[in-house]
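User: Please take a close look at one part of the model shown below, the part around the DNA.
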Number of protein chains: 2
Amino acid sequence: MPEKKTPDRKDQIAQVASEHFHEKGYMAVSMRDLAKEVGIEAASFYNHYESKGSILKEICFRMADEFFSGLNRALSEHHLPAAQLQAIIREHVGVVLKNFSASAVFFREWRHLSEPWLSQFLELRRRYEEQVRQVLSQGMNQGLFRQMDQNVVVYTLFSLLNGLHEWKEVQQRFSPQEVTDHIAGIVLNGIAVGDQAKHHKS
Amino acid sequence: MPEKKTPDRKDQIAQVASEHFHEKGYMAVSMRDLAKEVGIEAASFYNHYESKGSILKEICFRMADEFFSGLNRALSEHHLPAAQLQAIIREHVGVVLKNFSASAVFFREWRHLSEPWLSQFLELRRRYEEQVRQVLSQGMNQGLFRQMDQNVVVYTLFSLLNGLHEWKEVQQRFSPQEVTDHIAGIVLNGIAVGDQAKHHKS
DNA sequence: GGCATAGACTAACAATTGTTAGCAAAGATA
DNA sequence: TATCTTTGCTAACAATTGTTAGTCTATGCC
């Protein structure tokens with residue numbers, strides 16, 4: 001007797017799993033843990049997912065989709081490298097803040113994906129990184145960004161972006177726009193030629 | 001028949017465990033996995049550690065010691081906030097690069113500590129963060145740093161520092177000094193008053 | 001009504017988990 | 001030499017794991 005209408009069990013499971021994988025880590029959450037939270041028995045999961053691993057797969061690749069959508073939006077709506085970079089950051093921050101648990105799983109638990117998903121996932125990550133690198137490259141070639149090691153810039157950018165999910169307080173106390181401005185300010189200040197990219201004041 | 005002299009089994013176990021916890025995650029590594037690598041049987045661990053959890057505890061708190069040593073060294077050897085901050089970064093980077101696997105475990109696997117170690121660990125982290133915050137505070141009060149939200153600066157700094165262990169390439173291609181300069185440059189450029197902290201040019 | 005499908009259940013499985021008990025050999029200490 | 005401690009082993013344990021089989025029931029469709 002289903003006591004209330006299930007909006008979509010599969011989505012509900014992904015949602016609950018995201019939160020638990022985020023808090024305890026994928027390996028520390030059992031199917032029975034999830035079952036208790038969802039309100040069904042562990043065996044019933046297999047009507048919706050074919051394995052525990054496929055729940056993780058669903059979460060990770062759904063987030064990858066989100067990140068790529070944001071990236072493509074940023075690239076198609078802007079054409080100057082500096083504007084593109086800022087848009088990339090804004091989109092990325094938006095995705096993280098809108099899917100806090102799931103993005104934490106995406107960043108932290110992907111190594112528990114089984115093949116061939118793991119390889120596929122890493123390839124997607126590589127492509128994302130590569131696209132950002134190209135924006136940097138264009139900016140440097142056009143003389144808009146200083147010449148510097150791209151790996152270092154990418155490290156800086158992704159450390160700030162990927163570390164975001166660790167800081168609950170930041171999410172609570174600042175708007176997406178503020179976070180975006182902060183990160184964009186740091187990165188652009190770090191790489192821009194001259195001062196035209198500075199838009200903060202004391 | 002011990003085929004060769006054991007330099008120190010307990011340290012060897014901690015070393016092997018660090019590497020495996022780093023690569024697979026604490027929960028995904030069984031005692032038998034570790035045993036195979038060390039060259040003993042799983043049950044023999046209990047002559048050196050009282051539980052699997054106590055191996056993790058050892059790794060995490062040993063690293064906490066390292067980080068605090070570095071912090072204290074930085075604070076005692078310098079007195080101007082800008083110099084202190086730079087020294088803190090240098091010490092921190094040094095500790096991470098010198099104990100790559102163990103520091104990754106420190107940053108990523110601490111949530112699997114059991115009580116009361118978990119609480120104690122979080123308290124240590126809080127204290128570390130608090131000391132850095134005080135340096136920022138002093139710098140602002142002395143007019144050396146711009147007035148800005150300390151949480152945001154701390155978020156930036158720790159994202160860059162704590163994300164370090166994710167980037168094997170960075171470790172391989174840059175010296176500790178280069179990494180330190182890079183991070184210190186970003187943070188000081190972000191917070192310093194005027195241009196005196198800038199030491200790069202196009 | 002008749003019937004198929006979806007989605008829940010119970011029960012059980014084989015494997016793996018961390019851990020303990022009991023024992024043996026080597027090294028240190030006396 | 002006699003004894004104690006250290007450190008390894010084998011065997012086994014109880015619990016938990018992801019997963020499957022088989023069954024029941026409500027819902028939607030003809």
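Which of the 16 residues around DNA strand C come nearest?

Analyst: The model is predicted, with local features needing pLDDT of at least 70 and side-chain atom pairs pLDDT 80 or more, while totals for chains, interfaces and linings use all residues. Residues are numbered from 1 along each chain as its sequence is written, chains are lettered from A and ligands numbered from 1 in the order written, and side-chain values use heavy atoms, without hydrogens and water.

Nearest to DNA strand C are A:Arg9, A:Glu41, A:Asn47, A:His48 and B:Tyr46, out of 16 residues around it (near: a heavy atom within 4 Å).

For A:Arg9, a side-chain N or O atom is 2.5 Å from a phosphate oxygen. A polar side-chain atom of A:His48 is also 2.5 Å from one, and for B:Tyr46 the distance is 2.6 Å.

By class, the surface near DNA strand C has six nonpolar, five polar and five charged residues (nonpolar: Ala, Val, Leu, Ile, Met, Phe, Trp, Tyr, Cys, Pro; charged: Asp, Glu, Lys, Arg; polar: the others, including Gly).

As for the two chains, a rotation of 180° with 0.0 Å of shift along its axis superposes chain B on chain A, RMSD 0.0 Å (least squares on C-alpha atoms with pLDDT of at least 70 in both). This is the relation of a two-fold axis. Their contact (heavy atoms within 4.5 Å) takes 34 residues from chain B and 34 residues from chain A.

Key. A polar contact is a pair of N or O atoms within 3.5 Å; within protein, one must be able to donate a hydrogen and the other to accept it, and residues adjacent in sequence count only if both atoms are side-chain atoms.
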